[in-house]
Amino acid sequence: MKAILALADGRVFYGKALGTPGEVTGEVVFNTSMTGYQEILTDPSYAGEIVTMTYPLIGNYGINLEDVESVRPHLRGFVVKEASDFPSNWRSKMSLDAYLKENGIVGIQGIDTRALVRHIRDKGAQTGIISSVDLDPQSLVEKARQAPSIVGRDLVREVTCSQPYDWQEGAWDIESGYRGAVGPAKYKVVAYDFGIKRNILRNLVASGCEVKVVPADTPAEEVLAMNPDGVFLSNGPGDPEPITYAQENIRKILGKKPIFGICLGHQLLSIALGGKTYKLKFGHRGGNQPVRRGDGHDVEITSQNHGFAVDADSIKDIGVVSHINLNDNTVEGLEHKTLPAFSVQYHPEASPGPHDARYLFERFTAMMDKEKARKA
Ligand SMILES: NC(=O)CC[C@H](N)C(=O)O
């Protein structure tokens, strides 16, 4: 079945339908990871986005039931050069195409993804449309132009949980799968779910935390009444600016409990501190983003997925920029100058991606230890 990907600026790509036939609009972005497509599909941060994989063959190890970051795929559409019809892996349960169909995700394959990515890098990420039901390029470009932009929209409400819940799953092991906690929990953590990835929760459990996940709009008073040792701010989709309720809650928790934020959580913490965010030209999405730690020569290779960033100047009076992206010198981490609060723009839980930054979970537990000792 034929399919078309059309961009709002008029560029059109002709390919074949992948997954569910239909039509979707979203912000067209690209991810340079060579593997990890299951984690990418199920990362709620991709809500509202049409994700293009730059690696040319996707789906070759199939779909298993374990490598998921949430219950279902959240991205709007999926673009690949070639989807493998012959997955091969001991854990594989179905093909990529079957999984996309089962979850109602519209995709396209067989287009020149290199040309698409060069176009996005030159012109910037923009709204696009995938369709296998309307094959008129002009009509599709027009629909892409009419579709809502990702800027200024609250996408968090679409992905956050509706009720609080406890999380118990820990790290994965090749022999036994996901394990529970390794010993009795030392820390009580409340995690704000702005679109949380499961591997963050697993890392918290593996670091000795008992975790309660709460909906994105849970009032700070309720969180403080649970008397946690620390509060975690999760990743999530879209523009951080319109998520004002979260910024207000963070302001109320700041200084009362240690805070650790990842990605959207980092952006929300920065805004809560008086900082500003802006939209990057085409974002950072992939598993090999180089990040410099501190002022020295320590470099981490990191997993990233973000289209917005924190303006360095806007936070210089309240925070120290702890990490910098070496590709474009953008802010990748922030530490409050006086209060126990820090955050990173990238993904230390590394799902998918390298594990260089796992130490940040220990930094959080060390911060909670210090606070406990100070209050004892
Ligand atoms: N992974 C994330 O949390 C992404 C944060 C935000 N939605 C951005 O695109 O910048």
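Phe308 lies in strand 18 (residues 298-310); strands here are DSSP runs of E with at least two residues, and helices are runs of H or I with at least four, both numbered from the N terminus. The model is predicted, so local features need pLDDT of at least 70 and side-chain atom pairs count only at pLDDT 80 or more, while totals for chains, interfaces and linings use all residues. Residues are numbered from 1 along each chain as its sequence is written.

**Annotated site**
- An unreviewed UniProt entry marks "binding site" at Ser45, Gly236, Gly238, Leu264, Gln267, Asn305, Gly307 and Phe308; such annotations may be inferred rather than shown by experiment.
- These positions span 264 residues in sequence, yet no two of their C-alpha atoms are more than 13.0 Å apart, so they gather at one spot.

**Two of its residues**
- Phe308 is partly exposed, with 19 other C-beta atoms within 10 Å (buried means 20 or more, exposed 12 or fewer, partly exposed in between, with C-beta atoms placed from the backbone).
- Gln267, in helix 9 (residues 264-272), counts as buried with 32 C-beta neighbours inside 10 Å.
- Leaving aside neighbours within four places in sequence, Gln267 is in contact (C-beta atoms, placed from the backbone, within 7 Å) with Pro240, Thr277, Phe308 and Val310.
- With that same exclusion, the contacts of Phe308 include Asp239, Tyr278 and Leu280.

**Domains**
- The domain assignment, automatic or from a database, gives domain 1 (2-146) and domain 2 (156-375).
- The contact between them takes 23 residues from domain 1 and 24 residues from domain 2.
- Strand 3 gives the most to the side of domain 1 that touches domain 2, with three residues.

Terms used. Contact = placed C-beta atoms within 7 Å.
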